[in-house]
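Hi,

I'm passing a structure on to you, with some notes on what turned up in it. Please have a look at it first, then read on.

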Amino acid sequence: MANDESEREWMADALREAALSLDHGDVPVGAVVVQIASGEVIARAHNTRERDHDPTAHAELMALREAARVAGTWRLTDYALVMTLEPCPMCAGAAWAARIGQLVFGAADPKAGAAGSLYNFAADPRLNHEIEVVAGIRAPECAELLTTFFRSRRTS
């Protein structure tokens with residue numbers, strides 16, 4: 001699979017994408033989908049729930065949709081989903097449904113995380129696909145982006 005430096009570079013892309021959420025008042029979460037062997041980013045997205053009035057417009061879902069379109073298949077076993085925040089149950093379920101090969105995330109989400117914190121869709125032996133998880137890549141930067149966003153919402 002990927003190496004530490006590749007994962008840090010991929011996360012830099014996801015962080016840049018997350019910052020775009022701020023332009024329309026969405027929680028700053030970004031995601032990219034990377035072809036693992038080449039390291040090529042084939043899809044990128046950020047949260048657009050507020051802008052689009054769509055409860056499913058999470059960065060991860062938007063990136064997976066685009067990746068499937070670009071790859072020409074819904075089976076993304078040779079790809080990594082890289083996101084700034086641990087995926088929620090919906091997004092972890094979508095990664096499972098896409099047969100994603102690797103999940104890489106920055107900040108853990110103890111309230112809704114479904115890749116190890118609260119649930120673990122990636123390693124549930126009852127499911128027919130398990131996903132390699134790499135947690136904590138650039139976690140302080142990812143967490144700070146979220147903390148700053150929520151702090152500004154409370155003081156506004």
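Which residue just after helix 4 takes a positive phi? That is R99, with a phi of about 55°. Just after helix 3, G72 also has a positive phi, of about 75°.

A word on the basis: this is a predicted model, where local features need pLDDT of at least 70, side-chain atom pairs count only at pLDDT 80 or more, and totals for chains, interfaces and linings use all residues. Residues are numbered from 1 along each chain as its sequence is written, and side-chain values use heavy atoms, leaving out hydrogens and water. Helices (H or I, at least four residues) and strands (E, at least two) are DSSP runs, numbered from the N terminus.

Helix 3 covers residues 59–71. Its buried residues (under 20% relative accessible area, 1.4 Å probe, protein chains only) are A59, E60, L61, A63, L64 and A67. They pack against strands 1, 2 and 3 and helix 4, where contact means heavy atoms within 4.5 Å.

In helix 4, C91, A92, G93, A94 and A95 are buried. The buried residues there pack against helix 3, strand 3 and strand 4.

Beyond its neighbours within four places in sequence, L103 touches residues including L81, A95 and V133.

Enjoy exploring it!

Methods
The expected span of a helix is 1.5 Å times one less than its number of residues. Buried means under 20% relative accessible area, exposed over 50%, partly exposed in between (1.4 Å probe, protein chains only).
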